[in-house]
Amino acid sequence: MFDSCVAPLEYAFPVSTMLQRVKYNRQIVYARPLVKHLINNLQKDYCDKPWPEALIPVPLHWWKLRKRGFNQAGVIAEQLSKAIDIPVYHHLVKRRNNDQSQQGLSANKRKQNMQNAFALRKPVPYKHVAVVDDVMTTGATTEELCKVLKKHGVETVDVWCVARTPSV
């Protein structure tokens, strides 16, 4: 459902450890060098095509956000925004349910877990956006979010992640 994906790093040591420290230990400092890799790849990838008009971080359910205190995808999106001057919209999309963590689930279970997981809070006034996340595993989360965005008028959805899990 998404139109392109940029994920420059493999989710393996040391990248996996750095992202886990950001996500679970609030060690945001580890995001900076990882985002720098992403920015370098984006600049190469978008040298001959139009950039998105807006960045949309994959939202957390409000309860998970309250527990964690921040959204790691939002932190990454903010750092990207400062570097490439594209606005971030944290509240256009909401996560409907406090679903089971995707970690450790099979590809089929991840897809089932994500069905109807997202809803728009208000119309998206853009035709081209980038969905931002920390890691892409099976793509179930981003696919579901992209489906909702496209259903409501967004024409092009790119996905930007720091890392992608290795192919099995």
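Q: Which residues lie nearest the centre of the second largest pocket, and how many residues line the pocket?
A: Thirteen, given as 13 residues, line this pocket, and P59, L60, L65, H90 and R121 lie nearest its centre. A quick word on the model: it is predicted, with local features needing pLDDT of at least 70 and side-chain atom pairs pLDDT 80 or more, while totals for chains, interfaces and linings use all residues. Residues are numbered from 1 along each chain as its sequence is written, and side-chain values use heavy atoms, leaving out hydrogens and water.

Q: What makes a space a pocket, and what makes a residue part of its lining?
A: On a 1 Å grid over the protein atoms alone, a pocket is an open set of points with protein on both sides within 12 Å along at least five of seven lines, and a lining residue has an atom within 4 Å of a point. The second largest pocket holds about 230 Å³ of space, a volume filled by probe spheres set on the grid points.

Q: Which elements each supply at least two residues of that lining?
A: They are α3 (62-68) and β4 (93-95). The largest share, three residues, comes from β4. Helices here are DSSP runs of H or I with at least four residues, and strands are runs of E with at least two, numbered from the N terminus.

Q: How many nonpolar, polar and charged residues are in the lining?
A: The lining has six nonpolar, four polar and three charged residues. Ala, Val, Leu, Ile, Met, Phe, Trp, Tyr, Cys and Pro count as nonpolar, Asp, Glu, Lys and Arg as charged, and the others, Gly among them, as polar.

Q: Why is Q79 called buried?
A: Buried means under 20% relative accessible area (1.4 Å probe, protein chains only), exposed means over 50%, and partly exposed is in between. Q79 has 19% relative accessibility, so it counts as buried. This residue lies in helix α4 and, not counting residues up to four places away in sequence, touches I28, A31, R32 and V35. Contact means heavy atoms within 4.5 Å.

Q: Why does L149 count as buried?
A: Its relative accessibility is 0%, so L149 counts as buried. L149 lies in helix α6. Leaving aside neighbours within four places in sequence, its contacts include I56, V93, L120 and V124.

Q: Which residues of helix α1 are buried?
A: In α1 (residues 15-25) they are V15, S16, M18, L19 and V22. They cover an arc of only 165° around the axis, so they sit on the same side of α1. The arc is that of the directions from the helix axis to the C-beta atoms. Among the elements covering these buried residues are β2 (9-10), α2 (31-45), α4 (72-84), β6 (128-136) and β7 (156-164).

Q: How many helices and strands does the chain have, and what share of it is buried?
A: The chain has six helices and seven strands, and buried residues make up 48% of its 168 residues. Of the contacts between residues at least 6 apart in sequence, 78% join residues at least 24 apart.

How values were computed:
1 Å grid on protein atoms, 1.4 Å probe; cavity = no way out; pocket = protein on both sides within 12 Å on 5 of 7 lines; lining within 4 Å.
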